[in-house]
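Please open the structure in the viewer and display the whole chain as a cartoon. The tour begins with the overall fold and then turns to one pair of helices.

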Amino acid sequence: MWDHLSFVIKRLRERLWIKPLIVCVLSIGAVFLANLMDMAELGRFLPEITKESTETLLKIMASNMLMMATFAVASMVAAYASASSSATPRSFPLVIADDVSQNALSVFIGAFIYSVVALVAMMNGLYAGRASQFILFSLTIVVLAAIIITFIRWVDNIARLGRMGHTIAMVEAAAAEAIRKRQSAPRLGGVAAVGRPDGSRAVFGKAIGYVQHVDTAALQARAVESQLRIVVAALPGTFCTPDRPVAWVGREASGSVSAEDAEAIAASFVIGGSRVFDQDPRFGLVVLSEIASRALSPAVNDPGTAIAVTGTLVRLFVMWNECGKTGDVPTVLFDRVAVPELPMAGMFDDAFTGTARDGAGTIEVVVRLLKALESLAAAGDATMRDNALRHARLALVRAENALQIPDDLTVVREAAKFAD
């Protein structure tokens, strides 16, 4: 349940209006709660605050915060456009979920709403007592301090938001989180998939698109209730069509799987129009590979970015390897749900095929790629070594077909000797 709730919360974070709405509601609530302090008879213990001083501060905030919010939106839109055009459109959800920018927009809009509502309430005599006037003045000072602090943090952040290095770092962080989550539960908490249950029935998704989330807890609950065995056939990141089953289901006792059970199992697979990072470590590798490929296009011609992405991919694969070497047996939380593990060959294809293809004619990219693969081959994992050697040989073949200068070919062949 917590895993599904976390998925929903992360999708809400990608909606730009959520935080501003929450802050606006809190701002309006604070304005009217200040009036209740007069009922507590605390006025005689508080210093007297003139109405004019609070009104002046509120007018300054009301006249400037809407302009600040507009400026914040314009800067964020420019950063989003930069991230989509210079890196890859698949990085857009990470950029738009940036907490600092969302917090800044929320504070600016919330302060504007707070100042306008407080001014209207004050002009209509809502704050008649000393206590309410003091609380309103104190709230205004707190809001003003929050504006200043938020603006300073936001200016420092907006200078980097949408820039190539910052976008790569955000994608790496999202991919690393997905890797840690997957390696802590390599089969999403289920058991190893060794085949379909006897007499199993194929279950198909309710939409056409990518599997974004698999609720294994819900699958386990349905399997226990109906005495089923479920094999997940579509991992997060899989593109589902009407003829592509998301799961195979068999019943332990005699009898067929009911339509109600099939519908409940299909509902446990969240299918959307695009991939997300949460349960899909391969998507992070795909996005990084796209960034490198775009940097190597003739229109951009930025091999340095491709080299930086290659180093990022090495860090992620080393993290994958280290997380898998903890020695702990993965905890099986859902013994009636079988889930296949991620194929290492597919992960290497996602990460390095694009760079090897598009950078085959750039000597510095090829050499860096081969050195990265050499490092991964020596990481200590046999499967990783086999795939690193396979991709090194492919990179060498591509480079030999693309490079024309003999000295360049000599350098590449020397760098690829470890794959002989």
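What percentage of the 420 residues in the protein is buried? Buried residues, those under 20% relative accessible area (1.4 Å probe, protein chains only), make up 47%.

The model is predicted: local features need pLDDT of at least 70, side-chain atom pairs count only at pLDDT 80 or more, and totals for chains, interfaces and linings use all residues. Residues are numbered from 1 along each chain as its sequence is written, and side-chain values use heavy atoms, with hydrogens and water left out.

Keep the whole protein selected. Its secondary structure consists of 15 helices and eight strands, assigned as DSSP runs (helices H or I, at least four residues; strands E, at least two) and numbered from the N terminus. Along the principal axes, the C-alpha atoms fill a box of roughly 85 × 70 × 40 Å.

Next, select residues 164-184, helix H7, and residues 281-295, helix H10. Their axes, lines fitted to C-alpha atoms over the stretch in contact, come within 8 Å and cross at roughly 160 degrees. H7 and H10 are therefore roughly antiparallel to each other, a term for angles over 145 degrees.

From H7, select Met164, Ile168, Val171, Ala175, Ala178, Ile179 and Arg182; they meet Pro281, Gly284, Val287, Leu288 and Ile291 in H10.

Methods. Axes are lines fitted to C-alpha atoms, for helices over the stretch in contact, and angles run from 0 to 180 degrees between N-to-C directions. Angles under 35 degrees count as roughly parallel, over 145 as roughly antiparallel, 65 to 115 as roughly perpendicular and the rest as oblique. Contact means heavy atoms within 4.5 Å. Buried means under 20% relative accessible area, exposed over 50%, partly exposed in between (1.4 Å probe, protein chains only).
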